[in-house]
Amino acid sequence: MSTSNVIPGSAAVDALYDEAEHWHVNTGNARIHAKRLRGRWRTIKWASAAVWLIFFLGPYLRWDGRQAVLFDIPNRQYHLFGVTVLPQDFWMLSLLLLFFAILLAVATALAGRVWCGFFCFQTVWTDIFTWIEERLEGPPPQRRKLDAAPLTRDKLRIKATKHGIWLAIGFFTGFSFVSWFTPAPSLWLEFFSGQANGAVYITVALFTVGTYLLAGFLREQVCFWLCPYARIQGVMLDKTTLVPTYDERRGEPRGRVQKGEGAQQRTFGDCVDCKQCVAVCPTGIDIRGGQQEGCITCALCIDACDEVMDKVGRPRGLVRYASLDELEGKPARPLLKRPRVWVYSAILLLALSGILYGLSSLDAIDLKVLHERAPLFVTLGDGSVQNRYTLKVLNKMPEPLTVRISVTGPPGLTLVGADAPVNVHEGGVTATGVFVKVPKKNLTQEQAPIRFRVEAVRPNGQAIASERTSVFVGPPR
């Protein structure tokens, strides 16, 4: 037999055709049991999903003797490693949200819904839930058979085990979420001894049930009907966006592999119509129908198609990451020549610069000075002029501080009422009143700048200070 008449891997292709009848495009009337295959994109998908380990392990990271990241809402303090952010610094949160929103837009413009396919919590949790389902119930045909089978002791045992594991994952999801807002190590004891806040129990319960329902039952329906991102993604894509794409010119007309048919006799394109791309799709779409709302660009169809191409001895890449320009034979526009990349990058850089500036300029203590307005000044019997000020000292440290106050300004200035240091409690504002006297003869203008300074030493020996400029008001000149 001539080698041109040999169909590489024909037995394996026959096996694919035998199971092809089980794979159907999602029409919303049946649960999707996607087939799992190994491949490069599956490996990348697992690696990207591992980022979510930070969500579970992050609350237990310690920094400088306390939880490294803690959003302490009751005390209105937000600890990020060595930095404490208070509500008045929340302008940085706006920049942070802007940064991630634009980052999502950039990623979508360049590579479609890469967030959905590789990082979205709904996608990742659903992937883990279905992986557990497959370990317990078997591959998709076996799962469908089990679903249709009458309830037996074995079926009850398998189903109970699966749902128990799903609920446990939902519980750890909720518990980990709460741990970002409550000191994590003590939360375990408080939670199981019944001493935790009622909001903690409610939040954990909502997350447990929500995760169980969304990842265990609704699955791809969330992507189709609940996620707003799927609705707006179309405006972020253009002809240069790289997305998993079926090469129609190469694949059509599609047709099954015929035994004994050589490459010279073949009248069909490279697509062998095995439906493996449909089989592995977690949302049950057919990528050969073009870009669709249900495509989350997980690229698992690329793995499936490449595997089939290897079996039939045809080049890989029938389904691949490609832009519309590439498929139409147009030259690919370089990344740096795309205007939206420059606009998005400029906004990202602006937001990131603002965040870094804010974090670098945060003081351990903050000082505000309020000048007394009624009266603006008082002329004393010794001929000096006196102003009254209220100083508000904000302590951002986790421990109380003893603060000393000083002031500089016109010659002969005297500070009254600040001989003793001021005790400032942690995470709060302490107000104190002081007087400043200046000999009238030393005042050369009606208003003169003065500068207050507060300074303290932390228990670890670190010296911290804050300054604020105000004005000293005298009689009209």
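**Strands, rings and charges**

Modeller: Strand 10 and strand 14 (residues 429–439) pair in the antiparallel sense, with 11 bridges between them. Please keep in mind that this is a predicted model. Within this pairing, Arg 388 stands opposite Phe 435 of strand 14.

Biologist: Which strand does strand 10 join through 7 bridges?

Modeller: That is strand 8 (residues 365–371), which also runs antiparallel to strand 10. There, Asp 366 has Leu 394 of strand 10 as its bridge partner. Strand 9 (residues 378–379) pairs with strand 10 as well, in the antiparallel sense and over 2 bridges, and Val 378 is placed opposite Gln 386. The hairpin of strand 9 and strand 10 has 4 residues between the strands, and Gly 383 takes a positive phi near 90 degrees in it.

Biologist: With which residue does Arg 388 form a salt bridge?

Modeller: Side chains of opposite charge can pair when their charged atoms come close. Arg 388 forms its salt bridge with Glu 372, the closest N and O atoms being 3.6 Å apart. Because Arg 388 lies in strand 10 and Glu 372 in the loop between strand 8 and strand 9, the pair ties together parts 16 residues apart in sequence. Glu 372 is partly exposed, at 28% relative accessibility.

Biologist: How many salt bridges does a search of the whole structure find?

Modeller: The search finds 27. Among them is the contact of Arg 320 with Asp 247, at 3.2 Å from N to O. This pair links distant parts of the chain, 73 residues apart: Arg 320 is in strand 7 (residues 319–322), while Asp 247 is in the loop between strand 6 (243–246) and helix 13 (248–251). Arg 320 is partly exposed at 22%, whereas Asp 247 counts as buried at 11%; the cut-off for buried is under 20% relative accessible area.

Biologist: How should I read an aromatic pair?

Modeller: A pair of aromatic rings is described by the distance of the centres and the angle of the planes. The structure holds 31 aromatic pairs. In one of them, Phe 171 and Phe 172 are edge-to-face, 5.6 Å centre to centre with 70 degrees between the planes. The rings of Phe 175 and Trp 188 have centres 4.1 Å apart and planes at 40 degrees, so this pair is tilted. Phe 175 belongs to helix 8 (residues 153–179) and Trp 188 to helix 9 (residues 184–192), 13 residues apart.

Biologist: Are Phe 175 and Trp 188 buried or partly exposed?

Modeller: Phe 175 is buried, with a relative accessible area of 1%, while Trp 188 is partly exposed at 29%.

Biologist: Which residues form a nonpolar patch on the surface?

Modeller: Phe 90, Leu 93, Leu 96, Leu 97, Phe 100 and Leu 103 form the patch, with about 520 Å² of accessible area together. Leu 97, found in helix 4 (residues 91–111), is exposed, with a relative accessible area of 56%.

Conventions: Residues numbered from 1 in each chain as written. Predicted model: local features only at pLDDT ≥ 70, side-chain atom pairs only at ≥ 80, totals over all residues. Heavy atoms only, no water. Pairing = 2+ DSSP bridges. Patch = residues over 30% accessible without salt bridge, like charges linked within 9 Å, V, L, I, M, F, W, Y side chains within 5 Å. Areas by Shrake-Rupley, 256 points an atom, 1.4 Å probe, with all protein chains shown as cover. Salt bridge = Lys/Arg side-chain N within 4 Å of Asp/Glu carboxyl O. Buried < 20%, exposed > 50% of the residue type's maximum accessible area, 1.4 Å probe, protein only. Phe/Tyr/Trp six-rings, centres within 6.5 Å; stacked < 30°, edge-to-face > 60°.
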